[in-house]
Amino acid sequence: MTRERSLTTGRPRRRGRDRDALIAVSLTAVTLTASGCVVVHGEREVLPAATKAEAAKAVEQFTSAYNKADAAYDPSLDAEYTTGALGAIDAARLRAGRVNNPDGNPQHTPLTLTDVNYTIPEKPGWPRWFVADAQANKGGDARWVLVFTRGGLSERWQAAYLTLVAPGALPEFPKDKDGWAEAVPVDTAGLTRSPAGLSADYTTYLKDGGDAFADGAYTSELRSTRAKNASKPGLATQYIDEPLSDGDFAPLALRTANGGAVVFFATHHYVKQTAAAGAAVPTPNRNVRALTTGEIKQSLTMEFVANGMAVVPAASGAGKVSMTSRLEGLTAAKGE
């Protein structure tokens, strides 16, 4: 059965509970008080998010579910293994595919991930999360960077973010003597931009510009492309950008070797095309049409979710936020 998602929670409803709650005691700090009572403070204990074996299993389960869903164009088949920005994008892609190909994906090629590197941070409390970057048989020579999260021992690991990064563009993540990386609190004051506010910073930049972000394909060039599209004769194009940072869309930050951080974050976008009197909105492609409600008479509003990966310098240094990667997907559209 297809599970419902929302941009507020992004979390699919579940029928069952994972069995690994039985080992919860191993992940808590137990303190004996003077009265002999046992006080559990698992939320305070700094622990690795997962073992490497658990991380490898999570990637394997995600890949298997992703392939089943892609082959059938059925979002229910991987709904338990995706969440957040990736979950919203993937579910919409599969819904559109099902509309256009009710019998499944005629061009399905199974995704394979090789040369997988795991970056697992130590941190207190939930959610716990880790990063896996891999070479894939899709996306050219770019590496797939996936962020997996879970909100408790009774939940399964889910892929929340996916970005594609050019070879050599992924920063170095320092690790301690045991091989664990460092998670950066999203409300830290130790960076030039707070991870908690980065989604809002980025959407403000797309609207108004400024000097917070370094020039590049996802910043200055994107703004330039938008400006050109907005001025086409006979067709007005409007852009509305909104931060998306609550619940399963919350940002996650990982310490880099130079004291800064890589931040994974999500944003929400609308693009409205309105034709002048006597003109027509350009005919959308079949995937857009599959997600469109209403009749396209004079305007078409498209809704997107994007997930980005940004390198944020340490507050003690200099430099601007650099957008290393950004992947967006259409999630809905409306004709009027």
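## Tyr-73 and the loop between helix 1 and helix 2

Tyr-73 counts as buried at 13% relative accessibility, where buried means under 20% relative accessible area, exposed over 50%, and partly exposed in between (1.4 Å probe, protein chains only). The residue lies in the loop between helix 1 and helix 2. Although Tyr-73 is not a glycine, its phi is positive, at about 50 degrees.

This is a predicted model, in which local features need pLDDT of at least 70 and side-chain atom pairs count only at pLDDT 80 or more, while totals for chains, interfaces and linings use all residues. Residues are numbered from 1 along each chain as its sequence is written, and side-chain values use heavy atoms, with hydrogens and water left out.

## Overall composition

The secondary structure of the protein comprises 5 helices and 15 strands; helices (H or I, at least four residues) and strands (E, at least two) are DSSP runs, numbered from the N terminus. Of the 336 residues in the protein, 47% are buried.

Among contacts in the protein with a separation of 6 or more, 67% are between residues 24 or more positions apart. Contact here means heavy atoms within 4.5 Å.

## Packing of helix 1 and helix 2

Helix 1 (residues 52-72) and helix 2 have axes that come within 9 Å and cross at roughly 30 degrees. Axes are lines fitted to C-alpha atoms, for helices over the stretch in contact, and angles run from 0 to 180 degrees between N-to-C directions. Helix 1 is therefore roughly parallel to helix 2, given that angles under 35 degrees count as roughly parallel, over 145 as roughly antiparallel, 65 to 115 as roughly perpendicular and the rest as oblique.

On the side of helix 1, the contact is made by Phe-62, Tyr-66, Ala-69, Asp-70 and Ala-72; helix 2 contributes Leu-86, Asp-90, Arg-93, Leu-94 and Arg-98. By class, this contact of helix 1 with helix 2 has 6 nonpolar, no polar and 4 charged residues. In this classification Ala, Val, Leu, Ile, Met, Phe, Trp, Tyr, Cys and Pro count as nonpolar, Asp, Glu, Lys and Arg as charged, and the others, Gly among them, as polar.

An open sheet is formed by 4 strands in the order 4-6-7-8, with antiparallel pairing; two strands pair if DSSP finds at least two bridges between them. Strand 4 (113-119) and strand 8 (158-165) stand at the edges with a single partner strand each, so one side of each has no neighbour in the sheet. From one strand to the next, the twist averages 25 degrees. Strand 7 (residues 143-150) is joined to strand 8 by 7 bridges in an antiparallel arrangement, and Leu-146 stands opposite Leu-162 in strand 8. Helix 2 (residues 84-100) packs on the sheet, touching strand 7 and strand 8, and its direction makes about 85 degrees with that of strand 8.

Strand 6 is mostly covered, with 8 of its 9 residues buried. Its antiparallel pairing with strand 4 extends over 5 bridges, and Asn-117 has Asp-133 in strand 6 as its bridge partner. Towards strand 7, strand 6 is joined by 8 antiparallel bridges, with Gln-135 opposite Arg-143 in strand 7. Strand 6 and strand 7 form a hairpin with 6 residues between them, and Gly-139 in the turn has a positive phi of about 90 degrees.

## Local backbone features around the sheet

Asp-115 lies in strand 4. Asp-115 has a positive phi of about 50 degrees although it is not a glycine, and with a relative accessible area of 52% it is exposed.

A cis peptide bond, with omega about 0 degrees, joins Trp-126 and Pro-127. Pro-127 is placed in the loop between strand 5 (121-124) and strand 6 (128-136).

## Strand 14 and its partners

Strand 14 (residues 299-312) has 13 of its 14 residues buried, so this strand is largely enclosed by the rest of the structure. Strand 12 (residues 261-275) pairs with strand 14 in the antiparallel sense over 14 bridges; the bridge partner of Tyr-270 in strand 14 is Glu-303. Strand 14 is also joined to strand 15 (residues 322-335) by 12 bridges, and these two strands run antiparallel. Here Asn-307 stands opposite Leu-327 in strand 15.
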